[in-house]
Amino acid sequence: MQFAASLNAVAKSKFQALRGMRDIMSPDAERQRALVDAFAHLAGLSGYGHIMSPIVEDLGVFLRVGESTDVVTKEMYDFEDKDGTRIAMRPELTASVVRAFVQHNPPSLPWKVWYEGPQFRHERPQAGRYRQFSQVGIEVLGSDDPAVDVEVIALGWRFYQALGMNEVTLLLNSLGDDTCRPQYFDALETYFRDRASELSEKSQETLEKNPLRVLDSKRAEDQAIIADAPLMVDFLTDETAEHFAAVRSGLESLGIPYEISPRLVRGLDYYTRTTFEFASTALENAQNAVGGGGRYDGLAESLGGKPTPGIGFALGVDRILLACDAEGVFPAPDLTPDVFVLDVTGTEAATVIADELRMAGISVERAYDGRNMRSQMKVANRVEAPWAVIIGETELAEGNVTLRDMHGDSGQTLVSRDELVATLSTKVAN
Ligand code: AMP
């Protein structure tokens with residue numbers, strides 16, 4: 001059998017995680033979880049419910065939303081499932097969430113959800129850019145009130161603040177709506193076509209699919225042409241301009257600073273009206289986007305639902321943590337246990353005492369493998385627990401254990417077995 005043969009061939013290989021994918025280990029994993037907890041807390045305060053959608057979707061879900069984006073056309077992990085269905089590992093979560101919205105048709109609007117989880121993009125890996133990375137995000141479907149835009153952007157902003165980040169810039173733009181976009185598209189297309197020969201080869205290709213996306217080019221040879229390109233803001237209808245003004249005014253009333261970035265188009269095709277990005281000035285320019293989002297008023301409809309306005313954002317967890325490192329904020333949680341248990345009796349006393357303490361909410365590490373006292377103490381010192389419980393034969397026979405203050409100067413005392421949990425509970429609480 002082919003499968004068995006290939007199993008044999010790899011039997012002795014030493015594996016590594018795939019390129020662009022990482023094992024995130026303790027304490028970084030705890031740090032990442034703490035970040036997600038902080039996000040969940042903020043989202044909960046604003047009435048967002050948690051959504052956990054599948055990591056793989058029908059390929060069509062993503063094709064429908066990004067026909068002219070590299071994320072969808074070039075970088076997607078898509079394959080044929082065993083039954084022949086074309087499926088894809090999600091490169092982003094907005095499309096999945098909107099698919100879920102259309103599928104479940106929630107009765108009360110607006111529908112507000114938050115999410116977290118891994119995304120997959122077959123990009124060229126580099127610092128801050130991975131093939132599997134994590135995002136936290138929110139989506140709101142069913143309202144186009146500018147107050148929703150403001151709430152969404154503010155939640156992102158407050159989250160960075162909650163982590164202690166100070167070097168974040170909010171870039172803001174409006175991409176117009178169905179009424180004003182076609183005129184802008186035409187103007188942009190005419191402008192780029194007239195100068196097509198000066199554009200990079202890549203941008204010439206992009207121009208064929210979506211002139212708007214040429215604005216997103218980071219290539220040096222395109223920059224001068226992009227700089228003089230027509231701007232969406234000059235094409236906004238009165239209604240869209242008013243919506244945008246209300247969003248700006250809302251942000252101002254919250255004291256949230258922003259920069260208008262008239263060429264901000266973002267990576268996916270579905271954005272309309274309010275569009276924004278959060279950039280960290282603490283990170284290298286190339287990978288300094290720590291989050292972004294915007295309105296996608298046509299997305300529900302293009303995924304087979306009723307016309308429903310929507311807005312959301314996704315924040316890049318891995319990059320946020322790099323930015324936190326650069327700013328020296330939001331360190332990994334301290335995982336030092338409260339107590340280290342040492343035992344020289346060879347009985348089950350260490351197992352029982354460790355269990356009792358843990359049940360009382362005290363974190364405990366211990367030595368294993370029947371090592372001698374000296375080597376157990378070495379481990380205890382390395383672990384740096386502030387308290388050590390030493391189980392000695394004579395003491396145990398008399399119903400006692402020794403409690404040692406490993407950092408302070410209170411030395412060691414004999415404590416009755418029966419009082420150990422209570423004694424340590426007060427000490428640990430202090
Ligand atoms: P996007 O869905 O492209 O708007 O991405 C939202 C955020 O996810 C970005 O601002 C980044 O912080 C993060 N992100 C996107 N792609 C990657 C990647 N390949 N590796 C790490 N983070 C990423």
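The protein chain is assigned two stretches of sequence as domain 1 (16-180 + 236-327) and one as domain 2 (339-429). These bounds come from an automatic or database domain assignment. The centres of domain 1 and domain 2, taken over C-alpha atoms, are 48 Å apart.

This is a predicted model: local features need pLDDT of at least 70, side-chain atom pairs count only at pLDDT 80 or more, and totals for chains, interfaces and linings use all residues. Residues are numbered from 1 along each chain as its sequence is written, and side-chain values use heavy atoms, with hydrogens and water left out.

**The shell around the ligand**

The ligand is surrounded by 14 residues, each with a heavy atom within 4 Å of it. Arg 121, Glu 123, Tyr 130, Arg 266 and Ala 289 are the closest. By class, the shell holds 5 nonpolar, 4 polar and 5 charged residues. Gly counts as polar here, and Tyr as nonpolar.

Which strands supply at least two shell residues each? They are β6 (132-141), β10 (289-295) and β11 (310-316). β10 gives the largest share, 3 residues. Strands are DSSP runs (E, at least two residues), numbered from the N terminus.

**Polar contacts**

A polar contact is a pair of N or O atoms within 3.5 Å.

| Residue | Polar atom | Distance |
|---|---|---|
| Gln 135 | side chain | 3.1 Å |
| Ala 289 | backbone | 2.8 Å |
| Gly 291 | backbone | 3.0 Å |

On its own, the ligand has 480 Å² of accessible area, and the protein covers 92% of this. Areas come from the Shrake-Rupley method with a 1.4 Å probe.

Notes. Polar contact = N/O pair within 3.5 Å; in protein donor to acceptor, adjacent residues only side chain to side chain. Helix = DSSP H or I, 4+ residues; strand = E, 2+ residues; numbered from the N terminus.
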